[in-house]
Structure formats: structure tokens, C-alpha cells
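Subject: Structure handover

Hello,

Here is the structure I promised to pass on. Please open it first, then read my notes below.

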Amino acid sequence: MRRDVDIYSYGYGSFRDRDRGDSIYSSYGRSRERERRREDEEERLRTEAYRRRKAAGARHSHRGRRALLRRRRRRRRRIRIAVTLGAYLLLLAAAGAGIYGISRGIRAVVQTFSTAEDDGADGTAESAAPQASVPEEKTVQVVLDAGHGGRDQGTSYQDVLEKDINLAVAKKTQELLEQAGCTVQMTRDTDVKIDNYERAAIANRAEAQVFVSVHCNFLESGEADGIEIYYDGGKTESGSLASRILREMIAETGARDRGVKTEDFIVTRETEMASVLIELGYLSDSQERQNLASSAYQEKLAQGIAQGVLSYLGIKI
Ligand SMILES: [Zn+2]
């Protein structure tokens, strides 16, 4: 650099410089001097700025002002992009929230209208669930059990089979009870074999109020005819049901009243409701067998059973 500058400023110019007319005493010399001072000052400031940047850990500081401006421009662009992106996201979120709100609003309006329509129509759909009377109506009141079935024929005389008479009478009884508005479930309505415990289980699962098992009797030696009804001795409700049914059956058929009896049968023991086992008559008796095989007599038997059950349930016909 110009080590001689200070000398000039104090007025001690070298002969070499003075010979060139480059002296502070000439006007040219003074203007040169001012220029040198400005240049020195700029250099000093640049150096200082460089040191400052270097101390601050700035890399690439040597690349100069244009590079710095480029970086600034880039940074500004990045900030602009980030801000724009943020704004877009905000806008999207707002739009999403708006659409959600609108759709909710629409749904609410639609629901209001559709509910009003439903109420106007018949009050079904949603309003059906809280109505306690609906499931109550579906509850099975009576389970009818046609004894035997399938390979298990029960008693028989030639081609007259107990299982067929039992099913015929049970079906006729079902029809009569349903006509009276009763809900009825059959343990079987076809010629199939069912385990006696399963018959009781069907009634228990249905939570029926009444269980009626239908059978026919047979006496190997001697003579016997007429109707008898069995129930489980420990169940007084079953005794009441048995009495009502027997009374009605005798009135309908005119058959011999053999009375209500207690016996330990699976179906009457295992059932959790009022339950009876009816012996419709004796297949061993020729006259009664003829009756039992006829549809007209079966109808009378069914009438008696149905009326007895309805009487027990307190249903008037
Ligand atoms: Zn039987």
C-alpha cells in the first residue's frame, strides 16, 4: 500500500514524488491525496466487513456483493414460497372446514326433513326401536310339542302311528291358537326325530309361557280309554294349566276323564314354564284308535287344548 501517504500529510514529500509533481503542495497532488485517502478508507471498510463476516461464520463471503445479493434474492424467494405455501394450506384448511360445515348443515336439514316425513308416514324406521311393544309381541307364548317323530314312531297299531296323530293334533292346535292371536312355536312341524331335552330347550330359549306336549297312550293288557294329562308335581302353575286343558278337552270330545296326574317326564321337568304332557287317548282301544285317526276327532282334541291354553293365558275368544 501507500506507506508514504502519512509522510505527505505531514508535508514531508519525497523528492521522487515531488519531482513528479505529485506533491501536496500542488493542486494535483492534493486531489490525488484525497483520492488515496478515500480508497484507503474503502479498503479498510471492506477488510473490516470481511473480517466481521468471517468472524460471524459466513462462508463464501469472498464471493462478493453480487453473490450476497443473489443469496438474499434466493432467501427472499424461499420466504415468499414458504409464505405462499402457508397461505395456500391455510386457505385449503379453511375451505375444508367450510365444506365440512356446509355438508353438516345440509345433512342436518335433510335429516330434519326425512324425520318429519317418517313421522308423517307411519312412524317406522328409527322410531320403531324404542317401542317396547314390538319385541314383546314377537315373544313366543306357546310351544307345542308333537311327541316322537322320524324313526321314533311312539306307540302304534298296524298302520296307525302315534307320531302322526301327535303331529296332526299339534298342527290343528297351532292353527286355532294363532287364530286367537297367540304366538306359537312348534318343536317340530314335520316327521323328524328330536331329543326330549332339545324339545324342552326350544321352549326355554323361546321363553314361552306355556309348553304342551302331545302323546297317545297304549295298554298292553286289559281295557282302557280316555284322556289324561301329566305335569311335574313341583309346579303348581303346570297343575292349573293341566286342569284347564283337561276340562275343555273332555267337554269337546266327550271322552273318559282319566284325570290330571304327576309324573317325572323329561319335557315337563326340564321346561321352565307351565308345562303339560297330554295323553290324547289309547291306541290299544279299537274305538278310541278309530277316533284318534280321524281328522274330525283330532279337531275336537285341538279345540279342547287351545281353549284350555287360552283360558290359562287369560285370553277370551
Ligand atoms: Zn308318546
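**Confidence**

The average pLDDT of the chain is 82. Some 76% of the residues reach at least 70. Two stretches need care. Residues 2-21 stay under 50, and the model gives them 19 contacts beyond four places in sequence. Residues 112-136 are also below 50, with six contacts beyond near neighbours in sequence. Where pLDDT is low, the predicted coordinates should not be read in detail.

**Overall make-up**

The chain holds eleven helices and eight strands. Of its 317 residues, 28% are buried. Take the contacts between residues at least 6 apart in sequence: 73% of them join residues at least 24 apart.

Six strands form an open sheet in the order 4-1-5-8-6-7, and their pairing is mixed. Which strands stand at the edges? They are strand 4 (184-186) and strand 7 (257-262). Each has a single partner strand, so one side of each lacks a neighbour in the sheet. On average, neighbouring strands here are turned by 20° against each other, direction ignored.

Strand 8 (residues 274-282) deserves a look. It runs parallel to strand 5 (residues 210-217), and seven bridges join the two. Strand 6 also pairs with strand 8, but in the antiparallel sense, over three bridges.

Helix 7 (residues 196-206) lies across strand 1 (142-146), strand 4 and strand 5. Its angle to strand 1 is about 170°. Helix 11 (residues 295-313) lies across strand 1, strand 5 and strand 8, at about 155° to strand 5.

**The core**

In soluble globular proteins, nonpolar side chains tend to be buried together. The largest nonpolar core here has 50 residues. Which of them touch the most other members? Val210, Val212, Ile245, Val276 and Val309 do. Elements that give two or more residues to this core include strand 1, helix 6 (162-179), strand 6 (227-231) and helix 8 (236-253). Helix 11 makes the largest contribution, with eight residues.

Leaving out residues up to four places away in sequence, Val212 touches Val142, Leu144, Asp145, Val276, Ile278, Ile305 and Val309.

Which residues of helix 10 (residues 286-293) are buried? They are Glu288, Arg289, Asn291 and Leu292. These four cover an arc of only 160° around the axis, which puts them on the same side of helix 10. An α-helix has 3.6 residues a turn, so residues three or four places apart point the same way. The buried residues of helix 10 pack against strand 2 (156-157), strand 3 (160-161), helix 6, strand 5, strand 8 and helix 11. Turned away from that buried side is a face with the exposed residues Ser286, Gln287 and Gln290.

Most residues other than glycine have a negative phi. Two residues here are worth checking against that.

- Gln158 is not a glycine, yet its phi is positive, at about 55°. Gln158 sits in the loop between strand 2 and strand 3. It has 7 C-beta neighbours inside 10 Å, so it counts as exposed.
- Glu207 also has a positive phi, near 55°, and is a residue other than glycine. Its place is in the loop between helix 7 and strand 5. With 12 C-beta neighbours inside 10 Å, Glu207 counts as exposed.

Best wishes

Terms used:
Residues numbered from 1 in each chain as written. Predicted model: local features only at pLDDT ≥ 70, side-chain atom pairs only at ≥ 80, totals over all residues. Pairing = 2+ DSSP bridges. Axes fitted to C-alpha atoms, helices over the stretch in contact; angles between N-to-C directions. Contact = placed C-beta atoms within 7 Å. Buried ≥ 20, exposed ≤ 12 C-beta atoms within 10 Å, placed from the backbone. Core = buried A, V, L, I, M, F, W, Y, C linked by C-beta atoms within 7 Å. pLDDT = per-residue confidence, 0-100. Arc of directions from axis to C-beta.
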